[in-house]
Amino acid sequence: MKRNHFYFFWRNFLLPAYKLKYRMKYIGRENIPESGAYILASNHRLAADPIMIGMGLKRQVLFMAKEELFHNKFIGWFISKLGAFPVSRGKADTDSIRHFEKALEDGALIGIFIEGTRSKDGEFLPPKNGVSLMAWDTKTPVIPVCHTKIGSRTVFHFGKPLSLKDMGFEKGGAREFRNASRIIMDHIKALREEDKAAFEDQKNG
């Protein structure tokens with residue numbers, strides 16, 4: 001995938017301010033392959049999640065953004081230059097799906113929030129089937145990502161890639177999509193438990 005210099009300029013420009021405000025900590029970055037198509041499936045706590053996830057990785061991450069953001073011409077232009085593309089929430093959006101599939105064909109790293117919306121209290125919401133459906137349709141591995149607030153730190157933990165087999169896929173279909181979504185979400189929850197346990201050990205050690 002061609003390097004987006006606009007994306008990396010703004011990522012590096014904003015990084016010091018975000019470090020100061022959010023005190024980000026990244027765990028498991030070695031689980032992100034240097035190339036190839038992968039889907040990052042993350043929970044969603046803050047509006048700044050796409051920016052902060054991208055700041056932690058050497059590769060560019062492409063995120064879907066709600067269609068309403070593109071109604072403002074400047075914001076739409078800016079986030080489009082960063083690689084975001086619009087999605088209409090609550091209905092089938094074939095244009096977004098085709099854009100997504102083309103990006104994966106080109107070897108992109110795509111980010112999707114598996115809950116479909118932000119959690120107001122930081123607790124996990126039920127997973128939607130968008131990640132699992134796209135993983136099956138494009139035969140793309142999924143990397144679980146967990147965002148957790150621990151003390152004063154904003155922690156992003158990247159898990160190991162899950163293959164279609166790891167997600168329980170055999171033939172596809174609605175039941176397998178639901179099951180795969182639960183499996184991905186269980187991996188995200190396990191990352192949070194691991195991080196909380198490590199924090200407690202450090203606090204008590």
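A search of the whole structure finds 15 aromatic pairs. Rings of Phe, Tyr and Trp (its six-membered ring) pair if their centres lie within 6.5 Å. Planes under 30 degrees apart count as stacked, over 60 as edge-to-face and the rest as tilted. Phenylalanine 6 and tryptophan 10 have ring centres 6.4 Å apart and planes at 55°, so this pair is tilted.

This is a predicted model: local features need pLDDT of at least 70, side-chain atom pairs count only at pLDDT 80 or more, and totals for chains, interfaces and linings use all residues. Residues are numbered from 1 along each chain as its sequence is written, and side-chain values use heavy atoms, with hydrogens and water left out.

Phenylalanine 6 and tryptophan 10 are 4 residues apart in helix 1 (residues 5–22), so about one helical turn separates them. Helices are DSSP runs (H or I, at least four residues), numbered from the N terminus. Phenylalanine 6 is partly exposed, at 21% relative accessible area. Tryptophan 10 is also partly exposed, at 27%. Buried means under 20%, exposed over 50%, and partly exposed in between (1.4 Å probe, protein chains only).

Phenylalanine 9 and phenylalanine 13 make a stacked pair, 6.0 Å centre to centre with 15° between the planes. Both lie in helix 1, 4 residues apart. Phenylalanine 13 is exposed, at 53%. One aromatic cluster holds Phe6, Phe9, Trp10, Phe13, Phe74, Trp77 and Phe78.

Now the charges. The charged end of lysine 81 sits over the ring of phenylalanine 6, 5.3 Å from its centre. This requires NZ of Lys or CZ of Arg within 6 Å of the ring centre and within 35 degrees of the ring normal. Arginine 192 has its charged end over the ring of phenylalanine 124, 4.1 Å from the ring centre.

Key. Helix = DSSP H or I, 4+ residues; strand = E, 2+ residues; numbered from the N terminus.
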